[in-house]
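Colleague: Before I use this model, I would like to go through the labels attached to it. Please give the value and the cut-off behind each one.

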Amino acid sequence: MVKENSGFCSRFFSALANKSRVRILQELSVKSMSVNELASKVGIERTLVSHYLTLLSKAELVTYKKEGINRIYRANEEIVPHVFFLMQ
């Protein structure tokens with residue numbers, strides 16, 4: 001149990017340790033977007049956005065749904081508002 005929680009905590013805090021990932025999370029808390037939309041909005045390469053979304057997903061900070069061949073990402077509404085509240 002402790003080992004499982006420590007793994008989650010490590011992924012969670014590591015995901016928030018990067019300004020670009022936090023910016024992606026902020027954008028997704030306003031609107032659901034695809035990787036391409038996020039890359040354009042945040043101003044970083046699509047491949048890096050995709051990598052960051054994988055990390056944010058493993059930390060349970062974002063979720064996605066498939067629409068055709070695209071994944072549409074959004075912030076986890078159960079967790080992210082609390083994260084931003086604590087970051088103020």
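**Labels and their grounds**

Modeller: I will start with the core of this predicted model. The largest nonpolar core has 24 residues, and those touching the most other members are Ile24, Leu28, Val49, Leu53 and Leu61. Two or more residues come from each of H1 (2–15), H2, H3, H4 (46–58), E2 and H5.

Colleague: What makes Val49 a contact partner of other residues, leaving aside neighbours within four places in sequence?

Modeller: Contact requires heavy atoms within 4.5 Å. With those neighbours left aside, Val49 is in contact with Ile24, Val35, Leu38, Ala39 and Ile44.

Colleague: Why is Ser34 called buried?

Modeller: The limit for buried is under 20% relative accessible area. Ser34 has 12% relative accessibility, so Ser34 counts as buried. Ser34 is in the loop between H2 and H3 (35–42), and touches Arg71 and Ile72 when residues up to four places away in sequence are not counted.

Colleague: Why is Asn76 called buried?

Modeller: The relative accessible area of Asn76 is 15%, and the limit is under 20%, so Asn76 is buried. Asn76 lies in the loop between E2 and H5.

Colleague: How do you know that the span of H2 is close to the expected one?

Modeller: H2 (residues 19–30) has 12 residues and reaches 17 Å from first C-alpha to last, against 16 Å expected at 1.5 Å a residue. At the N-terminal end, Asn18 caps H2, with a side-chain oxygen 2.8 Å from the backbone nitrogen of Ser20.

Colleague: Why are E1 and E2 called paired?

Modeller: Pairing needs at least two bridges. E1 (residues 62–67) and E2 (residues 70–75) have six, in the antiparallel sense, so they count as a pair. Lys65 stands opposite Ile72 in E2. The two strands form a hairpin with two residues between them, and Gly68 in the turn has a positive phi of about 65°.

Colleague: Where is confidence lowest, and where is it highest?

Modeller: H5 (residues 80–87) is lowest at a mean of 72, and H3 is highest at 96. The mean pLDDT of the protein is 88, with 93% of its residues at 70 or more.

How values were computed. Residues numbered from 1 in each chain as written. Predicted model: local features only at pLDDT ≥ 70, side-chain atom pairs only at ≥ 80, totals over all residues. Heavy atoms only, no water. Helix = DSSP H or I, 4+ residues; strand = E, 2+ residues; numbered from the N terminus. Expected span 1.5 Å × (residues − 1). Polar contact = N/O pair within 3.5 Å; in protein donor to acceptor, adjacent residues only side chain to side chain. Buried < 20%, exposed > 50% of the residue type's maximum accessible area, 1.4 Å probe, protein only. pLDDT = per-residue confidence, 0-100. Core = buried A, V, L, I, M, F, W, Y, C linked by side-chain atoms within 4.5 Å.
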